[in-house]
Amino acid sequence: MKKFKHFKLIVLALVLSGGLYYSDLLFLQKRQVASLEGTIRSAVSGDRNFDLTELSSKDFMRGFKVAMVSGLQVVRDGHEVGLTWGQFLVRNQSGAKVYVCEKYPHLEMTLKAEGVAYSGNIPTIVLRGPCLSSDDGQRTRPLMIPLRGLHRLLRENPKNIIKMGDRGDTYSIEAQSLYDEWPQYWTVVGASFSNDIETLGLDGFELISLLDQVLTLDFAEPQ
Amino acid sequence: MRSKLVWGLFIGILVACDRLPKLGPGNEGQNKLASAAEEDCGFVQNSFGQRVSWKQSLPIKIFLGSEFTTDYETSLREAAKKWEEAVGRTLFVFERSNQVFTTARDYRNSISISQTWGEVDRTLQAVTSLTWYNSQLTEADIRINAQYFSFYVDKPSSTNEVHLTSLFVHELGHILGLKHLTGVSVMTEILDYLLKRELPTEQDRAHLKCEYN
């Protein structure tokens, strides 16, 4: 009788562990996305002054990635969503210290649908636009992605040009491998600053290593 | 005994929680901080760079829609056999159904022959959708474009027909988790009219064995 009681307790322990694991399978994605957005919003505060101008080239190649990620913020405005990246100081051609957007005026971000592929291809979105500073210079201005009607827009015209802000800056959203279903979750797999000569960027694996989790955004289309 | 149970539960919870996969190493020469968790071996990879596959959840049970004719089913089973002979195990189990299936997520794998196909995708002979969680495939659906394409089994009756078994071999490859490849492979993206390309090549077999030993 005692052995049977112990057996029941062992089974209960296994069921509880398995239950925890499988309940996460069902809810992890939503919780993960929500908690990551919250973590990013709360982690970045106060003045940031990433002056990378005195770093060796080897340290700079890691340092700028850390600086980019430290300024990450998910910005939601109505039915639009965007990301800011951290700015940092570099030297321009004249040797003066400038924010990165001044030397590298192009910003590019790549996102891939999470957990879905069509004929071996994962739906991909590439955003290309100007690298503009936020008002306080600490971050880049976000390239806002309009979620309402986005699927239909990108299916009809895989490369869309969108006007941003009040200065008439434009940026493009380009999609590949999109089909009938709109993937709800999209993971950032790359971001870069560039000019005509050089590119400073990081890929999805580097992002994960710096954030310690996947940077996945909820792109559910508003009804 | 009670303390052992408590420890067991504690370890169980730790194991359940610690599920983030490990990334590959960085590369100082290329100024990379991290890399993909695994080599791709021709497979679709998740955000960590892990190959997505059915792991040990084999064989894959696939429902055939109500519109499946005998010809289609014969070609499909022939195609499945090609992959199973390549890897030396049963990979697929097919079950006929009276239902009409779509690619919408319903946690059932299916193959359907579509007589209505979106104009935007008219050049696609078929689409295979895959869904996964972590690196485990959870659903796969094939839709064949029977509106804009005609198919043949043994001998074509015109010059713009697609060999059905070759198409199924390719799409079943996607169901297994394989992506498009260049070179000599049944997974190259384009299947020309009339072309028979139904035997997995050395490259295909090697890729499959990478994941399904």
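Predicted model: local features only at pLDDT ≥ 70, side-chain atom pairs only at ≥ 80, totals over all residues.

Me: What about chain B as a whole: which elements does it have?

Reply: Chain B has four helices and seven strands. Read from the N terminus, they come in the order α-β-α-β-β-β-β-β-β-α-α. The C-alpha atoms fill a box of roughly 70 × 50 × 35 Å along the principal axes. Of the 213 residues in chain B, 49% are buried. Among contacts in chain B with a separation of 6 or more, 66% are between residues 24 or more positions apart.

Me: Which residues have the most contacts inside the largest nonpolar core?

Reply: A:Trp85, A:Phe88, B:Trp83, B:Phe92 and B:Leu172, in a core of 100 residues. Helix α3 (residues 164-176) of chain B gives the most to this core, with seven residues. As for B:Leu172, leaving aside residues up to four places away in sequence, B:Leu172 touches B:Ile62, B:Leu76, B:Ala79, B:Ala80, B:Trp83, B:Phe92 and B:Ile142.

Me: What makes strand β7 of chain A largely enclosed?

Reply: Six of the seven residues in β7(A) (residues 124-130) are buried, so the rest of the structure largely encloses that strand. β7(A) pairs with strand β5 (residues 106-113) of chain A in the antiparallel sense, over seven bridges. In that pairing, A:His106 stands opposite A:Pro130. β7(A) also runs antiparallel to strand β10 (residues 169-176) of chain A, joined by five bridges. There A:Val126 stands opposite A:Glu174.

Me: How do you know that A:Glu108 and A:Arg128 form a salt bridge?

Reply: Their N to O distance is 3.0 Å, and the rule asks for within 4 Å, so the pair qualifies.

Me: Which salt bridges join the two chains?

Reply: One of them runs from B:Glu28 to A:Lys58, with the closest N and O atoms 3.7 Å apart. This pair crosses from the loop between α1 (2-17) and β1 (60-64) of chain B to helix α2 (residues 57-70) of chain A. B:Glu28 is at 62% relative accessible area and A:Lys58 at 52%; exposed means over 50%, so both are exposed. Another links B:Arg143 and A:Asp180, at 3.6 Å from N to O. B:Arg143 lies in strand β5 (residues 136-145) of chain B and A:Asp180 in the loop between β10 and β11 (185-194) of chain A, so this pair joins two chains too. B:Arg143 is buried, at 16%. There's also a network of salt bridges with shared partners, made up of A:Lys65, A:Asp203, A:Glu206 and B:Lys32. Over all chains the count is 20 salt bridges.

Me: What makes helices α2 and α5 of chain A roughly perpendicular?

Reply: α2(A) and α5(A) (residues 204-211) pack at about 70°, with their axes 10 Å apart. Angles from 65 to 115 degrees count as roughly perpendicular, so α2(A) is roughly perpendicular to α5(A). On the α2(A) side, A:Arg62, A:Lys65, A:Val66 and A:Val69 meet A:Glu206, A:Leu207, A:Leu210 and A:Leu211 of α5(A).

Note on methods. Residues numbered from 1 in each chain as written. Chains lettered and ligands numbered in written order. Heavy atoms only, no water. Buried < 20%, exposed > 50% of the residue type's maximum accessible area, 1.4 Å probe, protein only. Pairing = 2+ DSSP bridges. Salt bridge = Lys/Arg side-chain N within 4 Å of Asp/Glu carboxyl O. Core = buried A, V, L, I, M, F, W, Y, C linked by side-chain atoms within 4.5 Å. Contact = heavy atoms within 4.5 Å. Axes fitted to C-alpha atoms, helices over the stretch in contact; angles between N-to-C directions. Parallel < 35°, antiparallel > 145°, perpendicular 65-115°, else oblique.
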